[in-house]
Amino acid sequence: MSITVRIEQLLQSHPILLFMKGSPDFPQCGFSGQAVQVLEACEVDFQHFNIFEDEELREALKSYSNWPTYPQLYINGELIGGCDIMIDLYKKGELAQLLAAANAAEA
């Protein structure tokens, strides 16, 4: 299975997916920690993928998304962005709307 297929399968399997450094319980960078805090503030269920556990995927996702840094938030398979974009959308109230729509679709 190609790495692109693996990425697409992950994205299709999880409506809200955060590719991050570490885990929500133990983020391994400040930006990943902030991203988790934003998602938790929205009170939404989300899945995470620790990019340190799969070097091939970590490198391939940068090309796939055309986004060079982590964390990366995907909602319904679409890249939303990294920590700064998540915070900006959160402050505007737009992130909660996107997340609620994805959660409702999953239920």
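User: Where is N76 placed in this structure?

Analyst: In this model, which is a predicted one, N76 sits in the loop that runs between strand β3 and strand β4 (78–81). The phi angle of N76 is near 50°, a positive value in a residue other than glycine.

User: Which loop holds E43, and what is said about its phi?

Analyst: E43 lies in the loop between α2 and β2 (47–50), and its phi is also positive, near 50°, in a residue that is not glycine.

User: Why is E43 called exposed?

Analyst: The relative accessible area of E43 is 73%, and a residue counts as exposed when that value is over 50%. Because 73% is over that cut-off, E43 is called exposed.

User: What makes I16 buried?

Analyst: I16, which is found in strand β1, has a relative accessible area of 2%. Buried means under 20%, so the value for I16 falls on the buried side of the cut-off. If neighbours within four places in sequence are left aside, I16 is in contact with V44, D45, F46, Q47, L73, Y74, L99, A102 and N103. Among these, L99 is 83 residues away from I16 in sequence, yet the two C-alpha atoms are 7.3 Å apart in space.

User: How do you know that L73 counts as buried?

Analyst: L73 belongs to strand β3 and has a relative accessibility of 0%, and since the buried class takes in values under 20%, L73 is buried. Not counting residues up to four places away in sequence, L73 touches I16, L17, L18, L39, E78, L79, I80, G81, M86 and L95. The C-alpha atoms of L73 and I16 are 7.5 Å apart, although 57 residues separate the two in sequence.

User: F49 has a relative accessible area of 18%; why is it called buried or exposed?

Analyst: F49, in strand β2, is called buried because its 18% is under the 20% cut-off. Its contacts beyond four places in sequence are L10, L17, L18, F19, M20, D54 and L57.

User: Why are α2 and α4 described as roughly parallel?

Analyst: Helix α2 (residues 30–41) and helix α4 (residues 83–92) pack at an angle of about 25°, and their axes are 9 Å apart. Angles under 35 degrees count as roughly parallel, so α2 is roughly parallel to α4. The crossing of α2 past α4 is left-handed. On the α2 side the contact is made by F31, Q34, A35, V38, L39 and A41, and on the α4 side by C83, M86, I87 and Y90. By class, these residues divide into nine nonpolar, one polar and no charged.

User: What makes α1 roughly perpendicular to α3?

Analyst: Helix α1 (residues 3–13) and α3 pack at an angle of about 80°, with axes 10 Å apart. The roughly perpendicular class runs from 65 to 115 degrees, and therefore α1 is roughly perpendicular to α3. I3, T4, R6, I7, E8, L10 and L11 of α1 meet E56, L57, A60, L61 and Y64 of α3, and this contact has eight nonpolar, one polar and three charged residues.

User: Which residues touch the most other members of the largest nonpolar core, and which elements supply it?

Analyst: The core has 18 residues, of which L18, L39, L73, M86, L95 and L99 touch the most other members. At least two residues of this core come from each of β1 (16–20), α2, β3 (72–75), α4 and α5 (94–106), and α2 gives the largest share, four residues. M86, with neighbours within four places in sequence left aside, is in contact with L18, A35, V38, L39, L73, G81 and L95. A second, separate core of 13 residues includes I3, L10, I51 and Y70.

User: Which form does the peptide bond from Y70 to P71 take, and where is P71?

Analyst: That bond is cis, with omega near 10°, and P71 is placed in the loop between α3 (55–65) and β3.

Key
Residues are numbered from 1 along each chain as its sequence is written. This is a predicted model: local features need pLDDT of at least 70, side-chain atom pairs count only at pLDDT 80 or more; totals for chains, interfaces and linings use all residues. Side-chain values use heavy atoms; hydrogens and water are left out. Axes are lines fitted to C-alpha atoms, for helices over the stretch in contact, and angles run from 0 to 180 degrees between N-to-C directions. Angles under 35 degrees count as roughly parallel, over 145 as roughly antiparallel, 65 to 115 as roughly perpendicular and the rest as oblique. A crossing is left-handed if the near helix is turned anticlockwise from the far one by less than a right angle, and right-handed if clockwise. Contact means heavy atoms within 4.5 Å. Ala, Val, Leu, Ile, Met, Phe, Trp, Tyr, Cys and Pro count as nonpolar, Asp, Glu, Lys and Arg as charged, and the others, Gly among them, as polar. A nonpolar core is a set of buried Ala, Val, Leu, Ile, Met, Phe, Trp, Tyr and Cys residues joined through side-chain atoms within 4.5 Å. Buried means under 20% relative accessible area, exposed over 50%, partly exposed in between (1.4 Å probe, protein chains only).
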